[in-house]
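Please study the sequence and the structure before reading each solution.

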Amino acid sequence: MIDAKTLAQMNGEYAMPADAGPAWRAAAAHGYDMSLLEETLRLTPEQRLEMHQRALNTVLMVMEAGECHDAK
Amino acid sequence: MTQNDKALLTRLREQQVEFVIIGGVCGILHGVTLVTLDLDICCRFSRENLRRLEAAVKDLHPQHRLTANKLPLELTDELCDSLKNIYLRTDWGTLDCLSEVSGIGGFEQVWQCSVPHTMSFGEFRILGLDALIAAKTAAGRLKDQEAVRLLLVIKEKKERQKDLF
C-alpha cells in the first residue's frame with residue numbers, strides 16, 4: 001500500500017530536505033526542479049561540464065532540426 | 001552548429017592565454033542547471049595575450065560573429081590596442097572574450113576574484129561564486145536573474161555543507 005505522501009511524490013511533489021534554507025525554499029516555490037540541482041551538486045565540476053555538453057548537444061540538434069523544418 | 005567548450009578551453013590553455021572562465025559555463029561549473037550556448041571568458045587585452053588567443057583558434061576559422069560581413073579574426077597591433085571585446089564564432093563554437101566584467105571590473109579585478117580549478121584536461125581559473133553572483137546581478141538580464149536565483153541556492157548549500165565545490 002502506497003501512502004499518500006509517497007504517492008504525491010510519485011506524482012511530482014518535491015520532498016523538501018529538512019536542512020533546506022530560505023534560498024532553497026524560495027527557488028523550489030519559484031518552480032525550479034530542485035531534485036535536478038541536488039543531483040548536479042553531487043557531481044564534480046568536470047562531470048557537470050560533461051553533463052552540460054550532452055544537454056547542449058541535444059539543444060543544438062533540436063535547433064538545427066527546427067531550422068531544417070523552417071527551410072522546407 | 002557545434003559548441004565544444006572543453007576543446008576550446010584546452011586550446012586556450014595550450015597557448016597559455018591568460019583568462020578566467022566567466023558567464024554561463026562558470027555557472028555550470030559551480031552547479032547551475034541552465035544550458036548556455038557559448039563560452040565566455042575574461043582575458044587580458046594585451047597584444048601578447050591577444051596574439052596567443054588568435055593562435056589558439058587560428059585553424060578554427062574564427063570570425064567576428066557580430067560584424068555584418070563576419071570578418072575573420074586578423075589581429076594587428078593597432079587593432080589589439082582598440083579592442084575591448086572579441087566576439088568569435090569558430091568551428092568549435094562561440095567564444096566571447098571580454099576585457100572587463102560588469103559588477104567586477106577589468107581583468108586584474110576579475111583575476112583577483114577567480115579561483116583555480118583542476119580538471120582532467122588542465123587547470124583553469126573560474127570566477128568565484130560571490131563574484132559570479134555579483135556579475136550576473138549587475139548584468140540583470142532575465143537569464144542572469146534565473147542564474148542568480150540558483151547561484152544563491154548553491155551558495156546557501158555550500159555554507160551549510162563546506163565540502164561542496
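A polar contact is a pair of N or O atoms within 3.5 Å; within protein, one must be able to donate a hydrogen and the other to accept it, and residues adjacent in sequence count only if both atoms are side-chain atoms. The model is predicted: local features need pLDDT of at least 70, side-chain atom pairs count only at pLDDT 80 or more, and totals for chains, interfaces and linings use all residues. Side-chain values use heavy atoms, without hydrogens and water.

**Exercise 1.** Determine how many residue pairs are in polar contact across the interface of chain B and chain A.

Solution. Step 2: 9 residues, the largest share of the side of chain B that touches chain A, come from α7(B).

**Exercise 2.** State the area that chain B and chain A bury between them.

Solution. Step 1: buried area is the accessible area (1.4 Å probe) that two parts lose on being put together, summed over both. Step 2: for chain B and chain A this is about 2700 Å², with 65% of it on carbon and sulfur atoms. Step 3: B:Met1, B:Arg149 and B:Val153 supply 21% of the area that chain B buries against chain A, more than any other three residues.

**Exercise 3.** Classify the ring pair of B:Phe121 and B:Phe124.

Solution. Step 1: rings of Phe, Tyr and Trp (its six-membered ring) pair if their centres lie within 6.5 Å; planes under 30 degrees apart count as stacked, over 60 as edge-to-face and the rest as tilted. Step 2: a search of the whole structure finds 3 aromatic pairs over all chains. Step 3: the centres of B:Phe121 and B:Phe124 are 5.3 Å apart and the planes stand at 50°, so the pair is tilted. Step 4: B:Phe19, B:Phe121 and B:Phe124 form one aromatic cluster.

Definitions and conventions: Residues numbered from 1 in each chain as written. Chains lettered and ligands numbered in written order. Helix = DSSP H or I, 4+ residues; strand = E, 2+ residues; numbered from the N terminus.
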